[in-house]
Amino acid sequence: MRGPFQQRRFRLLFLAQCTSFLGDAMLLVALSFAALDVSNGSASALSIVLGTGSAALVLSFLVSGVWADRLPRLRVMVASDLIRVATQAATAALLIAGAATLPQLVALYALYSIATAFFTPARTGLTPQLLEPRLLMAGNGAMATAEHLMWLIGFAFGGGLVAWIGAGWAIAIDAATFAVSAILLLAIGRVPATSTAEGRQPFLRELAAGWREVRSRRWLWFTILNATLFLLIYEAPLQVLGPIITTNHYDGARTWGFLLAATGGGALLGALLATRNRLRRPMVVSMVLFFGTGAVPLLLLAHAPIAMLIATNAIVGLAFGLFDTIWNSSLQHRIAPDRVSRVSAWDWMGSMAGMPLGFALAGLAVEHLGERATLITMAIGTVLVCAAFISDRDVRHLGDELISA
């Protein structure tokens with residue numbers, strides 16, 4: 001066997017990640033419909049659940065990134081998985097018993113999100129510890145492909161499970177995926193920490209150094225700003241309105257799962273396309289495809305045929321897959337290795353900062369302005385953000401140096 005999979009410990013990490021990605025995707029579908037069920041279809045209630053989890057994720061990222069560098073990363077990941085087993089098992093038990101309340105869903109999802117925030121940077125740092133440098137690119141590519149594939153399967157499978165056996169049992173299966181992940185990670189064995197107490201700097205000094213890197217590069221802070229606006233105007237409201245509209249006008253969780261799966265499938269194709277290094281201007285291609293996001297709210301407003309919605313979401317996913325691969329590769333190429341993790345932490349926190357506010361505003365907008373006005377505002381705002389993004393010359397050239405390399 002050639003490539004990164006010849007390494008036993010990487011194979012175990014890869015399998016653990018596949019189960020974690022699958023669980024994450026299933027949860028996004030199941031939790032949305034669980035919140036709607038508990039709150040009798042309230043958009044504001046769904047916004048509170050998703051927004052609180054998103055805020056917990058954002059606020060935890062910078063702290064978790066520092067600790068993932070200080071502690072043995074494998075231990076951090078196992079602890080995170082075990083916490084998620086507990087939160088998901090508790091959520092499932094409450095839902096199956098018919099005893100779940102909105103505050104309980106909010107609290108448990110917030111704990112789940114905090115655990116996820118610690119897992120993600122630890123995983124990023126663990127991969128180079130398990131692979132030789134010559135296998136690292138292939139290993140990262142395999143992990144990215146698996147992520148998009150598992151999201152595709154998880155969205156479709158999660159929607160079917162919610163429609164068939166209910167959100168509680170779907171989340172119980174989600175809990176089991178994290179238990180499997182923890183077992184696989186424990187089988188990797190001991191992986192030591194990469195830093196010592198003597199080599200550490202104060203937390204705030206490390207944080208400030210990362211911020212200086214971001215502030216000094218226009219392409220970096222401009223992209224993060226646009227990502228913040230995009231998630232605020234498009235992604236967060238869609239996560240609120242999507243389950244509501246598919247419940248009222250389509251086949252509920254099954255339809256919403258298929259739409260998310262279409263996005264995941266497009267992202268998988270985009271990631272594969274980007275890794276082939278065949279596009280001369282990869283970021284420009286991604287930016288043009290992103291204009292398709294403006295059509296999604298209008299199609300939902302018109303209650304368009306499901307085939308049209310699936311096709312449009314696949315195009316949007318293609319844009320996501322291209323962008324994610326180009327962006328992460330550009331960060332690794334342009335930022336010094338000893339600073340890239342801190343810059344990545346600022347990227348995560350800055351980009352995701354729009355999500356909690358977007359969830360909150362979406363719920364209020366639906367309750368007070370109605371679905372029609374909210375969807376039209378989403379469409380217009382998204383197109384304007386995409387136009388601003390493509391207007392920057394430095395951003396348009398991201399990834400060009402990787403093609404010529």
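Colleague: Which residues of H15 are buried?
Modeller: In H15 the buried residues are Thr 374, Leu 375, Met 378, Ala 379, Gly 381, Thr 382, Val 385, Cys 386 and Phe 389. Buried means under 20% relative accessible area, exposed means over 50%, and partly exposed is in between, with a 1.4 Å probe and protein chains only. This is a predicted model, so local features need pLDDT of at least 70 and side-chain atom pairs count only at pLDDT 80 or more, while totals for chains, interfaces and linings use all residues. Residues are numbered from 1 along each chain as its sequence is written, and side-chain values use heavy atoms, with hydrogens and water left out.

Colleague: How far apart are the end C-alpha atoms of H15?
Modeller: They are 29 Å apart. Helix H15 covers residues 371-390, and at 1.5 Å a residue its 20 residues should span 28 Å, which agrees. The expected span is 1.5 Å times one less than the number of residues.

Colleague: How many helices and strands does the chain have?
Modeller: The chain has 17 helices and 0 strands. Both are DSSP runs numbered from the N terminus: helices are H or I with at least four residues, strands are E with at least two.

Colleague: And what share of the chain is buried?
Modeller: Of its 405 residues, 54% count as buried. As for contacts (heavy atoms within 4.5 Å), take those between residues at least 6 apart in sequence: 88% of them join residues at least 24 apart.

Colleague: Changing topic, how many salt bridges are there in the whole structure?
Modeller: The search finds 5. A salt bridge here is a side-chain nitrogen of Lys or Arg within 4 Å of a carboxyl oxygen of Asp or Glu. One of them pairs Asp 24 with Arg 84, with the closest N and O atoms 3.9 Å apart.

Colleague: Why does that pair tie together parts 60 residues apart in sequence?
Modeller: Because Asp 24 lies in helix H1 (residues 8-38) and Arg 84 in helix H3 (residues 73-96).

Colleague: Are those two buried or exposed?
Modeller: Asp 24 and Arg 84 are both buried.

Colleague: What about Glu 213 and Arg 217?
Modeller: Glu 213 and Arg 217 form a salt bridge, their closest N and O atoms being 2.5 Å apart. Glu 213 is buried at a relative accessible area of 9%, whereas Arg 217 is partly exposed at 23%.

Colleague: Which residue does Asp 251 form a salt bridge with?
Modeller: Its partner is Arg 254, with the closest N and O atoms 2.7 Å apart. Asp 251 is partly exposed at 43% relative accessibility, and Arg 254 is partly exposed at 34%. On networks, salt bridges that share partners join Asp 24, Asp 81 and Arg 84 into one.

Colleague: Asp 251 brings me to Thr 246. What is Thr 246 in contact with?
Modeller: Leaving aside neighbours within four places in sequence, Thr 246 touches Phe 33, Asp 251, Gly 252, Thr 255, Trp 256 and Leu 259. Thr 246 sits in helix H8 (residues 218-249) and is buried at 0% relative accessibility. Its side chain also reaches the backbone oxygen of Gly 242 at 2.8 Å.

Colleague: Back to H1, then. What does Ala 30 contact?
Modeller: With neighbours within four places in sequence left out, Ala 30 is in contact with Val 162, Ala 167, Ala 170 and Ile 171. Ala 30 belongs to helix H1 and is buried, at 0% relative accessibility. Ala 30 and Gly 257 are 9.4 Å apart, C-alpha to C-alpha, and 227 residues apart in sequence.

Colleague: Which residues line the largest cavity?
Modeller: The lining is Leu 27, Leu 31, Gln 88, Thr 91, Leu 108, Tyr 109, Tyr 112 and Ile 171. H1, H3 and helix H4 (102-130) each give two or more residues to that lining, and the largest share, 3 residues, comes from H4. A cavity is a set of points, on a 1 Å grid over the protein atoms alone, where a 1.4 Å probe fits but cannot get out, and lining residues have an atom within 4 Å of a point.

Colleague: What is its volume?
Modeller: About 40 Å³, where volume is the space filled by probe spheres set on the points, and grid points are joined across faces, edges and corners.

Colleague: Last one: where is His 303?
Modeller: His 303 is in the loop between helix H11 (295-301) and helix H12 (306-334). His 303 has phi near 50°, a positive value in a residue other than glycine, and is partly exposed at 37% relative accessible area.

Definitions and conventions: Polar contact = N/O pair within 3.5 Å; in protein donor to acceptor, adjacent residues only side chain to side chain. 1 Å grid on protein atoms, 1.4 Å probe; cavity = no way out; pocket = protein on both sides within 12 Å on 5 of 7 lines; lining within 4 Å.
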